[in-house]
Amino acid sequence: MLRLEKRPAPSRFWSASAPILAVVLTMIAGGILFAFLGKNPVEAIRTIFWDPIFGEFAFYYRGQLLVKAAPLILIAIGLSLGFRAGIWNIGAEGQYIMGAIFGAGAGLAFYPSDSFLIFPLMIVAGAFGGWIWAMIPAILKTRFGTNEILVSLMLVYVAEAILASMSSGLLRNPDGMGFPGSRNFKEFPAAHNDFIIEAAGIHWGVVFAFLAVISTYVLLSRHLLGFQIRLTGESPRAARFAGVNPSLLIVFCLGLSGALAGLAGLFEVSGPAGQISIDFNSGYGFTAIIVAFLGRLNPIGILLAGLLMALTYIGGEAAQGNLGLPAAAIQLLQGMLLFFLLAVDVLSNFRIRRTKNEVA
Amino acid sequence: MDFSAINPLVLLASIMVASTPIVLAAIGELVVEKAGVLNLGVEGMMITGAVCGFVAAVLSGSPTVGFIAAAIGGALLSLLFGILTQFLQSNQVATGLALTLFGLGLSALVGQGYVGIKAPPTPDIHIPLLADIPVIGRIVFQHDLMVYFSIALIGVVWAVLKYSRIGLILRAVGENHDAAHALGYKVVRIRLLAIMFGGACAGLGGAYLSLIRVPQWTEGMTAGAGWIALAIVVFASWRPWRVLLGAYLFGGVTVLQLNLQAAGIAIPVEYLSMSPYLITILVLVIMSSNRNRAALGAPAALGRSFHASS
Amino acid sequence: MRITSILAGAALALGLAGGAIAQDKTKVGFVFVGPVGDGGWTYEHNQGRLAIEAEFGDKVETVFQENVPEGADAERVMTQMALGGADLIFTTSFGYMDQTLAVAAKFPNVKFEHATGYKRSDNVSTYSARFYEGRAVQGHIAGKMTKTNKIGYIASFPIPEVIRGINSAYIHAKRVNPDVEFSVVWAYTWFDPAKEADAAKALIEQGADVILQHTDSTAPLAAAEQTEGVIGFGQASDMSEYAPAPRVSSIIDNWAPYYVARTKAVMDGTWTSVDTWDGISAGMVKIGEITDAVPADVKAEALALAASIASGDYEPFTGPLNKQDGSAWLAAGETADDGTLAGMSFYVEGLTGDVPN
């Protein structure tokens, strides 16, 4: 019989090497899957995991990794604080949409001005949009005790309806021949979130993502608020004795995660996506929840998890395009990767022991 | 504007059909959560059930076989979640989300050859006498079997949780797994069974979509129904009959808004299309403000992993 | 160095180095917004891709990517295809417009074809189908077939393409049946089978006995099948599995001839940037078989209508036509210009309800 024995402290060796083991296991399982689908497994795995970083066109893909990872990281960082304190914001997707709408709206209101103040204004408006959308579940929770999971999730669908309405109504491009979708920010330089270093894929959203990682790291390890967040998550009762105001913490955590999701939406809409459109959102807010947990709610972990998720997206696209793998197979592979990553975590927290079958 | 075009009886009958997938998935998830496990993979299990049920029904020609296969498919997929969270102690939130991703991919692969095929029809059962009662007969007694099954299932879950020993154990495990373990209950085994029950129910809900409500197979056809089911469990404060209420309320507003549009009621479409979500929030706020916090409570051990140290 | 120049350099290098290999095979890429198994929009584009393979066999290689979100992802997918040596790339959703232009600017040697858009450049063509021509035939059949005089219409989003279809169907239903009424439900989705089924049921329960749809799944047909005497039409794809009833006919997006012709043009070196908006005459819009559920005389009229549209003798939007508010739009005998049609955002006289926004 095999038995798990809890380690007094997580193993450093396994904490570092378990993710690598998971990736290797995914490659094996994925290879078997691809072979079943009639593709060359080695080639498929290389296309997904190797080529985007080291392959022929890596000069392009490396930058794209950051473009894809930045919104995931930015949202996941905000979510992780709330998750640590046991505050469940499942609706980051809605806050992301509202951030994009507010930010884009603020910019488009001044079209075609070239004032240098427009982009900063959009950043503020984007953060505000996400923040105000997250304040709805926060206030309902603190005032009426309404469950924030349900409210934040329902508000995603409301935000989607607003997005559809905005892109075919108020924010529609007046020069767009009646088609839905706003003006493209590429044609509005003062409001365009252009690449700062194009070859590296760095735009303002990437900069903010890195800033968020660093400041959260500092907050959690050095600041009283970080301590309160951790304490509330581990023991709500002890936290109350320590003088933590739970309502304030809810408002802070939801508000911050909303603002960061809103920022992610603003940077995406004014940069890589380019415009508000009916289907502008593509599920970053939900994927970010996975990223947050994959990174063990730790800022550095989230940074790495975001990059890894981005790699599977970009490599997966390449495998579809070059090898004709169906999109479903890539989704399946992502699911497997997550399963393996989560499963091998057991090695860092537990020791596996062989036990003799005791005779009762 | 013409309200008279909407026949309330027909509307009620449609609401029951539209809500059944959510009822099934939500009551399954309720049992899982009562056992202290949070499985966010409902959407993935539903879509897997939808494809398994559809494929089996097409191959066998029998919807019944389809529903059985859907329940098995959903349960097997949930077992994956069970093994990861119960034996390997993985984080439940992340594992559940991964399960959704996995289920969506798996179902699309399995269903590749089944797009554009028709499922064998499921007959409505016409209960003699009862179905002929004026007014009520039409609403209540002329559906397919699964509508009744879903309501019966709510009743069974309610009775079992409230009155039986199994229910007591399940709740004990969900409230305090360490105490339940100390009393000699097999926490992990009970939770695994609950998880598989939840998977089977979600699978049935998915198959109801692909075999009766839509009925056909298309990739991604659950389109978020699993998330709504999760929300309904919270909405219901983990009480079985309120799951039925919540699901019918949500399904009701969804169907009603389409009916209002069809009748040409002059409310802007955008507001109508967000109404199911807003009304669900509103009702929950009203309910939660009238009640003391303790009564709202989720199972105390919800989402926490259990490891027997001895 | 800006990445634009790196990309251009890479493209150039590929063009030169790959020249020897690429000579014998033309590579054609497709960017799809939905899954190829959606049974509607993307399915038909994929049929067009398969037609290219069938036509040219070993001389072409096709690649495709499904479920590509509009936005940054689309731009990356196109770049990836161009880097991978594609000679011709079809981008098959309106929302890919700006991305297509942006990537095309970086790869001047790759030809792009963008569906349903209106922006072109030296290496970007646009193409679209005059789906409303099919709607005219559909409206005619619907007006003749309805017994309740109530026709249900499941619309997706309030965009010109959809509004054009509603108007065209309404005009031709009204012409053969002055009592006809249209009831439009906006589903705010292109593809959500459960919601489409619910919408169809709501319409049927309120007395509609003909269901027209501008959403992509077959769910409305499946819903129609459950009520005796209700008919519907295949949308974008033939959906013949629901024939002879409830599906009495269909409007098919037939991209294959265009795709084959454009691929041939690239092979021959005769490709130029064009704007194509073809309908029944060019075979881009096809009327699926009209089944025996439709009386023979109605079928003959419908076919005659389709033939007159194909021959150019008749335009679906021919005056006298007024806008919904009663103001004059087209004088007697006047036909609508393409510019107005492309940006259509108003209902014609007689339709009830408002276009959202």
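User: Why is B:Thr280 called buried?

Analyst: Keep in mind that this is a predicted model. Buried means under 20% relative accessible area, and B:Thr280 comes in at 2%, so it counts as buried. You'll find B:Thr280 in helix α12 (residues 269-289) of chain B.

User: What does B:Thr280 touch, leaving out residues up to four places away in sequence?

Analyst: B:Thr280 touches A:Leu150, A:Met154, B:Phe235 and B:Phe250.

User: And what makes A:Ile32 partly exposed?

Analyst: A:Ile32 has 47% relative accessibility, so that's the label it gets. A:Ile32 lies in helix α1 (residues 12-36) of chain A. A:Ile32 also belongs to a nonpolar surface patch with A:Ile20, A:Leu21, A:Val24, A:Leu25, A:Ile28 and A:Phe36, with about 670 Å² of accessible area together.

User: How do you know that A:Lys186 and C:Glu75 form a salt bridge?

Analyst: The cut-off is 4 Å between a side-chain nitrogen of Lys or Arg and a carboxyl oxygen of Asp or Glu. For A:Lys186 and C:Glu75, the closest N and O atoms are 3.3 Å apart, so by that cut-off the pair is a salt bridge. A:Lys186 is in the loop between α6 (148-167) and α7 (204-222) of chain A, while C:Glu75 is in helix α4 (residues 72-83) of chain C, so the pair joins two chains.

User: Are those two partners buried or partly exposed?

Analyst: One of each! A:Lys186 is partly exposed at 35%, whereas C:Glu75 is buried at 13%.

User: What makes C:Arg120 and C:Asp275 a salt bridge?

Analyst: Their closest N and O atoms are 3.4 Å apart, and the limit is 4 Å, so they pass. C:Arg120 lies in the loop between β4 (111-115) and β5 (124-129) of chain C, and C:Asp275 in strand β11 (residues 275-278), so the pair ties together parts that are 155 residues apart in sequence. Elsewhere, salt bridges with shared partners link A:Lys68, A:Glu317, C:Asp73 and C:Arg76 into one network.

User: Why is helix α12 of chain A called mostly covered?

Analyst: Of its 25 residues, 20 are buried, and buried means under 20% relative accessible area. That helix covers residues 299-323 and reaches 35 Å from its first C-alpha to its last, close to the 36 Å expected.

User: What caps the N-terminal end of α12(A)?

Analyst: A:Asn298 does: one of its side-chain oxygens lies 2.8 Å from the backbone nitrogen of A:Ile300. After the helix comes A:Gly324, with a positive phi near 70°.

How values were computed:
Residues are numbered from 1 along each chain as its sequence is written. Chains are lettered from A and ligands numbered from 1 in the order in which they are written. This is a predicted model: local features need pLDDT of at least 70, side-chain atom pairs count only at pLDDT 80 or more; totals for chains, interfaces and linings use all residues. Side-chain values use heavy atoms; hydrogens and water are left out. Helices (H or I, at least four residues) and strands (E, at least two) are DSSP runs, numbered from the N terminus. The expected span of a helix is 1.5 Å times one less than its number of residues. Buried means under 20% relative accessible area, exposed over 50%, partly exposed in between (1.4 Å probe, protein chains only). A polar contact is a pair of N or O atoms within 3.5 Å; within protein, one must be able to donate a hydrogen and the other to accept it, and residues adjacent in sequence count only if both atoms are side-chain atoms. Patches are made of residues with over 30% relative accessible area and no salt bridge: like charges are joined within 9 Å, nonpolar side chains (Val, Leu, Ile, Met, Phe, Trp, Tyr) within 5 Å. Accessible areas come from the Shrake-Rupley method with a 1.4 Å probe; for residues, only the protein chains shown count as cover. Contact means heavy atoms within 4.5 Å.
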